[in-house]
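Thanks for coming, everyone. I'll take you through one structure this morning. Have a look at it first, and then we'll start with some charged side chains.

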Amino acid sequence: MFAEPSPTATALLLLGRGSDADSERGVDCPGDLPAPSDPDLVARATAAKKALGDRLFILGHHYQRDEVIQFADVTGDSFKLARDAAARPEAEFIVFCGVHFMAESADILTTPGQRVILPDLAAGCSMADMAVLSQVEQAWELFEAEGIADRVVPVTYMNSSAAIKGFVGRHGGVVCTSSNAKRALTWAFEQGQKVLFLPDQHLGRNTAVLEMGFTLDDCVLYDPHKRDGGLTSEQLAQARMILWRGHCSVHGRFTLDCVNEVRERVPGVNVLVHPECRHEVVTAADYVGSTEYIIKTLDAAPAGSAWAIGTELNLVRRLANRHPDKTVSFLDRTVCYCSTMNRIDLPHLVWALEELVAGRVPNVITVDADTAHFARVALDQMLALPAQ
């Protein structure tokens with residue numbers, strides 16, 4: 001049973017049912033997209049995929065629309081998908097139905113002979129965009145001036161650009177996912193006394209405080225838009241966790257009011273949220289974990305149980321449809337999609353596949369060799385983390 005959230009003007013825009021002259025234009029495809037109303041889109045995608053055969057491997061992130069997910073060879077979170085692509089060296093074309101930083105990671109991990117394609121180049125990530133390389137380099141210069149750089153280990157969330165992963169690799173740091181953030185931070189504090197955590201403040205704070213015994217006073221927030229990050233020398237000297245001022249536009253939307261409201265409305269409800277949510281939401285929830293954790297938790301839940309889930313709506317709806325024996329609610333009463341994930345729709349996928357069939361390779365995502373090398377260093381350090 002699933003109660004559909006109320007539509008909002010923003011949600012309708014994301015679904016292509018409206019227009020906004022003031023919105024970002026994005027990047028136009030170098031060709032004509034089929035109309036979203038074309039009744040033959042499914043047949044066209046099916047035919048193109050069949051024509052390409054084993055030369056093609058389609059990855060679908062959990063937050064993608066169902067119309068796209070149906071054509072994915074594998075589904076998962078960003079790192080799982082990048083590794084799945086690396087495990088298919090015979091596939092010439094990797095079509096990544098996700099966002100830009102995910103396609104970058106796939107390019108880093110796959111062979112030089114494989115080409116990673118993003119069906120819409122405007123499918124970025126607002127969180128990843130909140131940490132720009134020049135800003136991070138400026139922060140590091142501040143740490144050097146304050147005499148703390150040699151004690152700071154950078155840790156970046158998988159949801160960051162290749163440039164940021166490369167920076168972390170150059171400075172002896174590590175990449176983490178929402179599943180292994182505690183392991184990554186434990187390793188980092190064995191290497192140094194402080195951590196610069198990029199770019200999601202909430203995952204860093206929640207992991208340090210709720211899983212590692214830190215206090216909120218151990219954490220400071222570095223704002224790249226303020227002089228010296230908005231921090232004093234004393235704050236930097238005392239801090240153990242230097243959190244970057246970044247967040248997920250979807251998970252940051254959930255509030256403590258959302259949790260309180262659903263508990264009043266649905267007796268006995270289990271609140272299950274992603275660790276990218278705000279600290280007060282995570283502390284008020286019953287269960288907290290990565291996307292894969294959310295899926296497994298609901299799979300294992302008993303029939304008749306009630307759940308309010310704080311993550312992207314496409315996934316919540318898909319889980320609700322997969323578990324009709326359970327009551328599943330979206331934690332917010334109104335629709336909230338990941339706007340950039342939703343840029344990858346069926347017309348863009350059809351266009352990309354038909355371009356490949358025609359011998360044209362569109363929207364190739366390529367990371368330069370130097371950045372890719374150091375990003376791989378940080379990714380390999382994550383893979384080498386001891387199990388916990």
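Let's begin at Arg-88. Its relative accessibility is 27%, so Arg-88 counts as partly exposed. One thing to keep in mind throughout: this is a predicted model.

Who does Arg-88 pair with in a salt bridge? The partner is Glu-90, with the closest N and O atoms 2.7 Å apart. Glu-90 is partly exposed too, at a relative accessible area of 48%. Side chains of opposite charge can pair when their charged atoms come close.

How many salt bridges does a search of the whole structure find? It finds 17. I'll pick out a few.

Take Asp-73 and Lys-49. They form a salt bridge, and their closest N and O atoms are 3.1 Å apart. Asp-73 sits in the loop between helix 3 and strand 3, and Lys-49 sits in helix 2, so this pair ties together parts that are 24 residues apart in sequence. Asp-73 is partly exposed, at 36% relative accessibility. Lys-49 is also partly exposed, at 23%.

Next, Asp-299 and Arg-322. Their side chains meet in a salt bridge of 2.8 Å, N to O. Here again distant parts of the chain are linked: Asp-299 is in helix 14, Arg-322 is in helix 15, and the two are 23 residues apart. Asp-299 counts as partly exposed, with 37% relative accessibility. Arg-322 is partly exposed as well, at 48%. There is also a network: Asp-38, Arg-44 and Glu-354 are joined by salt bridges that share partners.

Now, away from the charges and into the core. The largest nonpolar core has 128 residues. Which members touch the most others? Phe-143, Met-241 and Leu-331 do. Look at Leu-331. Leaving aside neighbours within four places in sequence, its contacts include Phe-254, Cys-258, Val-259, Val-262, Ala-308 and Ile-309.

Phe-254 comes up again with Thr-311. Beyond four places in sequence, Thr-311 touches Phe-254, and its other contacts include Tyr-63, His-274, Ile-294 and Phe-330. Thr-311 is in the loop between strand 13 and helix 15. Is Thr-311 buried or exposed? Buried, at 0% relative accessibility. Its side chain also makes a polar contact of 2.8 Å with the side chain of His-251.

Last topic: the annotated site. An unreviewed UniProt entry carries the annotation "binding site" for a set of residues, among them His-61, Ser-78, Met-158, His-274 and Pro-275. Of the annotated residues, those in the lining of the second largest pocket include His-61, Ser-78, Met-158 and His-274.

His-61 is in strand 2, residues 56-61. His-61 is buried, because its relative accessible area is 5% and the cut-off is under 20%.

Where is Met-158 placed? In the loop between strand 6 and helix 8. Met-158 is buried, with a relative accessible area of 1%. Its contacts beyond four places in sequence include Ser-78, Phe-101, Lys-165, Cys-176 and Leu-379.

Terms used: Residues numbered from 1 in each chain as written. Predicted model: local features only at pLDDT ≥ 70, side-chain atom pairs only at ≥ 80, totals over all residues. Heavy atoms only, no water. Core = buried A, V, L, I, M, F, W, Y, C linked by side-chain atoms within 4.5 Å. Buried < 20%, exposed > 50% of the residue type's maximum accessible area, 1.4 Å probe, protein only. Contact = heavy atoms within 4.5 Å. UniProt positions renumbered as here; feature names shortened; annotations may be inferred. 1 Å grid on protein atoms, 1.4 Å probe; cavity = no way out; pocket = protein on both sides within 12 Å on 5 of 7 lines; lining within 4 Å. Helix = DSSP H or I, 4+ residues; strand = E, 2+ residues; numbered from the N terminus. Polar contact = N/O pair within 3.5 Å; in protein donor to acceptor, adjacent residues only side chain to side chain. Salt bridge = Lys/Arg side-chain N within 4 Å of Asp/Glu carboxyl O.
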